[in-house]
Amino acid sequence: MKLKYLHTMVRVKDLDASLRFWRLLGLEETRRIENERGRFTLVFLAPPGQPECPVELTYNWDGDEGLPSDSRHFGHLAYGVEDIYATCDHLARNGVTINRPPRDGHMAFVRSPDNVSVEILQMGDALAPAEPWKSMENTGHW
């Protein structure tokens, strides 16, 4: 089962102040996504010459009043897999709760025993929606 580290996500309250901080550390912006429908901006930063090691800053346009005190600043770790269905099946058979099933054949979320959220993404194109995943409800939060 092939696994590839993708990114770590951190929620930010003030995108400009956060960008200044991460740039002071030497990270460079590698990608930016503005999502008007979801009202958020994602900024990916990585050390020079290491674009495969990004930090994703997630900025919610309408604010996130719990930041930084409620620990929501840390979002999740993300890993790419060759077959999201096989990966989720393997995890579930070994007692891991699939909090957000891969209904779309592309994305799932699970949590570690220490409550760390882990995003699992299908490498390449999404797989065709398939049972039991496509009709499975979320369990808990992710």
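Tyr79 is partly exposed, at a relative accessible area of 23% (buried means under 20%, exposed over 50% and partly exposed in between, with a 1.4 Å probe and protein chains only). The model is predicted, so local features need pLDDT of at least 70 and side-chain atom pairs count only at pLDDT 80 or more, whereas totals for chains, interfaces and linings use all residues. Residues are numbered from 1 along each chain as its sequence is written, and side-chain values use heavy atoms, with hydrogens and water left out.

Rings of Phe, Tyr and Trp (its six-membered ring) pair if their centres lie within 6.5 Å; planes under 30 degrees apart count as stacked, over 60 as edge-to-face and the rest as tilted. Tyr5 and Tyr79 form an edge-to-face pair, because their ring centres are 5.8 Å apart and their planes stand at 75°. Tyr5 belongs to strand S1 (residues 3-12) and Tyr79 to strand S5 (residues 74-81), so the pair ties together parts 74 residues apart in sequence; strands (E, at least two residues) are DSSP runs, numbered from the N terminus. Tyr5 is likewise partly exposed, at 31% relative accessibility. The rings of Phe21 and Trp22, with centres 5.1 Å apart and planes at 80°, are also edge-to-face.

Eight strands form an open sheet with mixed pairing, in the order S2-S3-S4-S1-S5-S8-S7-S6; two strands pair if DSSP finds at least two bridges between them. Strands S2 (28-35) and S6 (98-100) stand at the edges with a single partner strand each, so one side of each lacks a neighbour in the sheet. S5 pairs with strand S8 (residues 117-122) in the parallel sense over five bridges, and Val81 has Gln122 in S8 as its bridge partner.

Note on methods:
Helices (H or I, at least four residues) and strands (E, at least two) are DSSP runs, numbered from the N terminus.
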